[in-house]
Amino acid sequence: MTEKLKIELITGTTCPACVTMKARLKAVIDEIDPTRISYQEIDILEDLDYAVKLGVLSTPAITINGRLAFSSPPSLKRLRHELQQQLAVPK
Amino acid sequence: MAQIGEISRQLNISVDTLRYYEKIGLLPPVYRKPSGIRVYGRKDISRIKFIKRSQSMGFSLDEIKKLLRFREAPQNAKPEVRQLAGTKLQEIERHLDDLKILQAEFRLLINLCTDDDENCPILDAMDEGSTNQKDN
C-alpha cells in the first residue's frame, strides 16, 4: 500500500486568506483523490516551534510531507499541479 | 587614536572600567601623553571591543584574559587555552543557534501582527493564556 501524501495547512486565528486557502485546498484534494491524501490544519500559535523550524513567515502556509511547499497562498492551478506532481513521484 | 572620555562614549564603557581593565592587565599599559592623559590606539580599541563582546557572552574576566593572550599569539597558545577557546566557540555556536531560532520566531510573530493590529493573533493568544491562568 502506498503512503498517503501528507498535506498541512498552517493557519492563523485571524487570517481571512486562510479561510480562502482552506476551501481551495479541500476542493483540490477532493478533485484529485482524497483517499491518497491526508489533510491536517495546524494553528500556527499552537505549534510555533514547528512553524519556525519549517521557515514559515506568514499564514497561510502549506507543507507537503513535512516540507514547506508554499509560504504564500498558491493559485488553484499551482496547487493542483504541485499535488498531482507529488502524487506521481514514486516513494 | 582617542582619549579615554571619547572611548568611553564610543563603546559605552565607563572611564573607571577602562582604567580597571588596564589595572588588572586585560589591557596592556595604554600610551599616555606627557600630561598623563591616556590615548587609546586601534589595537587597544579592538581589545576593548573583544572584552565587551566576551563579557556579553558571560565569559569571566579571567577567561577573557586567557583568551586575549590566545588572540595575541594563537600559534603559541598552551593546550589548555586552546581547549578553553574551543569550549567557548561551542558556547557561541549554541548561542547563535538559539538566537537564529528566536530571530525567526520574532520575525514570524511580527508578520502575523503587521496586517491587522486590532486583531493581532499574538495578543489574542496572550489574552487567552492569561484568562486560562485566572481560571485555573
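## Ground rules

Since this is a prediction, local features need pLDDT of at least 70 and side-chain atom pairs count only at pLDDT 80 or more, while totals for chains, interfaces and linings use all residues. Residues are numbered from 1 along each chain as its sequence is written, with chains lettered from A and ligands numbered from 1 in the order in which they are written.

## Chain A at a glance

Chain A has 3 helices and 4 strands, running β-α-β-α-β-β-α from the N terminus. Helices (H or I, at least four residues) and strands (E, at least two) are DSSP runs, numbered from the N terminus.

Of the 91 residues in chain A, 27% are buried. Buried here takes 20 or more other C-beta atoms within 10 Å of a residue's own; exposed is 12 or fewer, partly exposed is in between, and C-beta atoms are placed from the backbone. Take the chain A contacts (C-beta atoms, placed from the backbone, within 7 Å) between residues at least 6 apart in sequence: 69% of them join residues at least 24 apart.

## The cores

The largest nonpolar core holds 20 residues, and Ile10(A), Leu25(A), Ile44(A), Ala51(A) and Val56(A) have the most contacts inside it. Such a core is a set of buried Ala, Val, Leu, Ile, Met, Phe, Trp, Tyr and Cys residues joined through C-beta atoms within 7 Å. Two or more residues each come from β1 (5-11), α1 (16-32), α2 (48-54), β3 (61-64) and α3 (76-88) of chain A, plus α5 (79-114) of chain B. The top contributor is α1(A), with 5 residues.

There's also a second, separate core of 8 residues, including Leu18(B) and Ile64(B).

Thr59(A) sits in the loop between α2 and β3 of chain A, and it's buried because it has 27 C-beta neighbours inside 10 Å. Leaving out residues up to four places away in sequence, its contacts include Ile10(A), Ile44(A) and, over in chain B, Leu112(B). Cys18(A) is 41 residues away in sequence, yet the two C-alpha atoms are 6.8 Å apart.

The bond from Thr59(A) to Pro60(A) is cis, with omega about 0°. Most peptide bonds are trans.

## Two asparagines with positive phi

Most residues other than glycine have a negative phi. Asn65(A), in the loop between β3 and β4 (67-70) of chain A, has a positive phi of about 50°. Asn12(B), between α1 (4-11) and α2 (15-23) of chain B, comes in at about 55°.

Asn65(A) is partly exposed, since 14 other C-beta atoms lie within 10 Å; Asn12(B) has 8, so it counts as exposed.

Conventions
Contact = placed C-beta atoms within 7 Å.
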